[in-house]
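Hi everyone, thanks for coming. Please take a moment to look at the model on the screen, and then I'll walk you through it.

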Amino acid sequence: MTEGKKMTSSRRHHLKSLMLHIAANWLEQEKTDIAAAKEAYLAENCPPSDLSGDLAALTDACKKLHAAIDKIDESRYDTEIKVQKADKEIEDLKLKVIELAGVKKPALKKVRMSADAMLQALLGSKHKVTMDLRANLKQVKKEVKEEPADVGDWRKNIEDKADRKKMFESS
């Protein structure tokens with residue numbers, strides 16, 4: 001269709017009803033196909049029963065049917081148990097995967113909060129705790145390093161040290 005021309009409402013309604021009619025026909029055809037497949041399966045696997053005959057033949061047929069039903073029930077029970085075991089194993093493996101992966105910790109957000117506000121948040125509004133961290137710090141005095149005065153003649157230093165040495169030797 002071109003951009004300028006629009007579909008009329010009657011045309012749109014007609015096309016919609018045609019599509020619905022075709023879909024209904026498809027559904028009906030599907031139902032008949034399923035019914036035919038079911039009848040074919042039953043004819044193949046379940047032959048028609050022969051109910052004519054004496055009482056002994058009918059009892060024998062009933063016993064055969066009960067034996068077949070018992071076998072089918074046993075196999076159904078076995079498959080149910082297998083499915084339950086498989087489901088339990090799947091759940092256990094899922095739990096192991098979760099344990100191995102561990103709990104992911106969310107990324108922490110940076111929060112600017114003073115120590116007083118943090119203590120108030122932790123302890124509640126009942127406790128009035130002020131924590132001045134700077135008050136607990138030691139006062140350190142700065143030591144001023146004295147720079148040695150002009151280095152004089154090295155021979156004088158040696159003579160002074162020699163005099164000190166004599167003082168210790170004499171005592």
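The chain has four helices and zero strands, so its pattern along the sequence reads α-α-α-α, where helices (H or I, at least four residues) and strands (E, at least two) are DSSP runs, numbered from the N terminus. This is a predicted model, in which local features need pLDDT of at least 70 and side-chain atom pairs count only at pLDDT 80 or more, while totals for chains, interfaces and linings use all residues. Residues are numbered from 1 along each chain as its sequence is written, and side-chain values use heavy atoms, with hydrogens and water left out.

How many of the residues count as buried? Of the 171 residues of the chain, 0% do. Here, buried means under 20% relative accessible area, exposed means over 50%, and partly exposed is in between (1.4 Å probe, protein chains only). The chain exposes about 18,200 Å², and carbon and sulfur atoms supply 60% of that area. Accessible areas come from the Shrake-Rupley method with a 1.4 Å probe, and for residues only the protein chains shown count as cover.

Next, the salt bridges. Side chains of opposite charge can pair when their charged atoms come close. The rule used here asks for a side-chain nitrogen of Lys or Arg within 4 Å of a carboxyl oxygen of Asp or Glu, and by this rule the count comes to three.

Start with Asp 60 and Lys 64, whose closest N and O atoms are 3.9 Å apart. These two sit four residues apart in helix 2, so about one helical turn separates Asp 60 from Lys 64. Asp 60 is partly exposed at 41% relative accessibility, whereas Lys 64, at 57%, is exposed.

Now find Arg 76. Asp 73 and Arg 76 are three residues apart in helix 2, which means about one helical turn lies between them. Glu 80 and Arg 76 are four residues apart in helix 2, again separated by about one helical turn. Asp 73 is partly exposed at 35%, Arg 76 is partly exposed at 44%, and Glu 80 is partly exposed at 37%.

Now for the largest pocket. Its volume is about 240 Å³, a volume being the space filled by probe spheres set on grid points joined across faces, edges and corners. A pocket is an open set of points on a 1 Å grid over the protein atoms alone, where a 1.4 Å probe fits, with protein on both sides within 12 Å along at least five of seven lines; lining residues have an atom within 4 Å of a point. Among the lining residues are Asn 45, Cys 46, Asp 50, Leu 58 and Lys 64. Helix 2 gives the largest share of the lining, five residues.

One last stop: Val 111, Met 113, Met 118, Leu 122 and Leu 123 make a nonpolar surface patch of about 510 Å². Such a patch joins nonpolar side chains (Val, Leu, Ile, Met, Phe, Trp, Tyr) within 5 Å, or like charges within 9 Å, using residues with over 30% relative accessible area and no salt bridge. Met 113 lies in the loop between helix 2 (55-101) and helix 3 (115-123), and at 39% relative accessibility Met 113 counts as partly exposed.
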